[in-house]
Amino acid sequence: MAIIPQLELFSWEEIEPLGDLERLRLVLEHLPDEALMAHLEKSRGHGRDDYPVRAMWNSMLAGIVFQHPSIESLRRELSRNGQLRSICGLRAVPSAAAYTRFLRSLMEHGSWIESMFDELVKTLSEELPDFGRRLAMDSKAIASWASRPSKEKKEDGRRDLDAAYGVKTYRGTREDGSTWEKVVRWFGYKLHLVVDAKHELPVAYTVTKGSRSDVKEGHVLLDEMEKRHPEMLKKAEVLTADRGYDDSKLLSRCWDEYGIKPVIDTRRLWKDGEQTRLLPGHTNVVYDERGAVYCY
């Protein structure tokens with residue numbers, strides 16, 4: 001396991017000019033994955049080793065670094081790029097079935113991957129003194145490539161029985177005062193994240209069905225941080241989030257329990273297009289949805 005160098009590793013001015021393969025080498029050299037690799041190799045035993053565990057793992061990391069949308073896209077890249085195969089340690093391109101088996105094995109060892117994540121967070125805290133002071137919370141839709149469940153909801157290896165339909169509604173106001181609304185729907189999951197707002201690096205995460213509420217999972221993220229990284233909650237000063245996390249319990253928990261100032265936009269509940277309303281009992285005093293009061 002390599003130790004992350006001092007600060008400059010995260011200087012984007014140095015990383016951005018690097019080629020794709022150099023960026024992949026940075027990930028392979030600094031990811032604390034030795035314990036996971038040793039465990040997977042031991043679990044495989046003395047069976048066939050056409051595609052070694054470490055080579056398969058490295059190629060999976062390459063797919064993430066290069067943002068391939070699917071395994072087939074990654075396999076096409078491996079097929080045409082001999083240098084990439086060499087860096088990953090592959091002599092031939094693994095079959096789709098080999099990746100399916102490897103992914104299934106990784107899912108069975110999720111706790112080992114979580115331990116790697118925790119170790120990285122701990123290392124970052126030691127290397128970057130201000131890491132974790134300014135936090136941000138949000139969620140991202142992840143669409144499932146599998147078929148939707150059938151009415152019988154029977155498992156047949158092709159259908160995703162763990163995913164669910166998710167909906168996100170975005171609202172805003174145009175310059176002319178009119179309101180707009182955009183509804184996004186997908187079938188799949190949600191990635192819920194707490195990140196360091198300055199360094200743009202994750203501190204905590206969960207993956208849920210697409211139908212999971214952001215507010216409810218916000219509490220789960222705080223629970224996870226309290227259990228796995230309590231020092232981060234002690235260090236944190238500000239937590240920012242969009243109006244999807246506007247919840248009195250979440251706000252009071254951040255401030256009362258952890259001393260973290262929540263900077264969370266308020267939800268827009270006025271749906272009639274009104275910008276202001278008359279304050280009861282007055283003829284020249286109005287207020288807007290954010291609580292600002294104006295006297296005319």
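Reader: Which hand does the crossing of H3 and H4 have?
Author: This is a predicted model: local features need pLDDT of at least 70, side-chain atom pairs count only at pLDDT 80 or more, and totals for chains, interfaces and linings use all residues. Residues are numbered from 1 along each chain as its sequence is written, and side-chain values use heavy atoms, with hydrogens and water left out. A crossing is left-handed if the near helix is turned anticlockwise from the far one by less than a right angle, and right-handed if clockwise. The crossing of H3 and H4 is right-handed.

Reader: How do H3 and H4 lie to each other?
Author: Helices (H or I, at least four residues) and strands (E, at least two) are DSSP runs, numbered from the N terminus. H3 (residues 34-44) and H4 have axes 9 Å apart and pack at an angle of about 130°. Axes are lines fitted to C-alpha atoms, for helices over the stretch in contact, with angles from 0 to 180 degrees between N-to-C directions. Under 35 degrees is roughly parallel, over 145 roughly antiparallel, 65 to 115 roughly perpendicular and the rest oblique, so H3 and H4 are oblique.

Reader: Which residues in H4 does H3 meet?
Author: Contact means heavy atoms within 4.5 Å. H3 brings Glu 34, Leu 36, Met 37, Ala 38, Leu 40, Glu 41 and Arg 44. In H4 they meet Val 53, Arg 54 and Trp 57.

Reader: How many charged residues are in the contact of H3 with H4?
Author: Ala, Val, Leu, Ile, Met, Phe, Trp, Tyr, Cys and Pro count as nonpolar, Asp, Glu, Lys and Arg as charged, and the others, Gly among them, as polar. Six residues of this contact are nonpolar and none is polar. The charged ones number four.

Reader: Which residues of helix H2 are buried?
Author: Buried means under 20% relative accessible area, exposed over 50%, and partly exposed in between (1.4 Å probe, protein chains only). What covers the buried residues of H2 includes H4 (53-65), H6 (82-88) and H8 (110-127). H2 itself spans residues 20-30. Its buried residues are Leu 21, Leu 24, Leu 28 and His 30.

Reader: What share of the residues of the chain counts as buried?
Author: The secondary structure comes to eleven helices and nine strands. Of the contacts with a separation of 6 or more, 55% join residues 24 or more positions apart. The chain has 296 residues, and the buried share is 36%.

Reader: Which residue in E3 is the bridge partner of Ser 139?
Author: Two strands pair if DSSP finds at least two bridges between them. E1 and E3 (residues 179-196) run antiparallel and are joined by nine bridges. The partner of Ser 139 is His 192.

Reader: Which residue in E5 stands opposite Ala 136?
Author: E1 (residues 134-143) and E5 (residues 238-241) run parallel, joined by four bridges. Opposite Ala 136 stands Thr 240.

Reader: Is Leu 239 buried or exposed?
Author: Leu 239 sits in strand E5. Beyond residues up to four places away in sequence, Leu 239 touches several others, among them Leu 135, Met 137, Cys 254 and Ile 260. Its relative accessible area is 3%, so Leu 239 is buried.

Reader: How far apart in space are Leu 239 and Pro 262, C-alpha to C-alpha?
Author: In sequence, Leu 239 and Pro 262 are 23 residues apart. Pro 262 is one of the residues that Leu 239 touches. C-alpha to C-alpha, the distance is 4.9 Å.

Reader: How do H9 and H11 lie to each other?
Author: The axes of H9 (residues 214-228) and H11 (residues 248-258) come within 10 Å and cross at roughly 20°. The crossing is left-handed. H9 and H11 are therefore roughly parallel.

Reader: What is phi of Gln 67?
Author: Most residues other than glycine have a negative phi. Gln 67 lies in the loop between H4 and H5 (71-80). It is exposed, with a relative accessible area of 68%. Its phi is positive, near 60°.

Reader: What is the relative accessibility of Glu 200?
Author: Glu 200 is in the loop between E3 and E4 (201-209). It is not a glycine, yet has a positive phi of about 60°. Glu 200 counts as exposed, at a relative accessibility of 60%.
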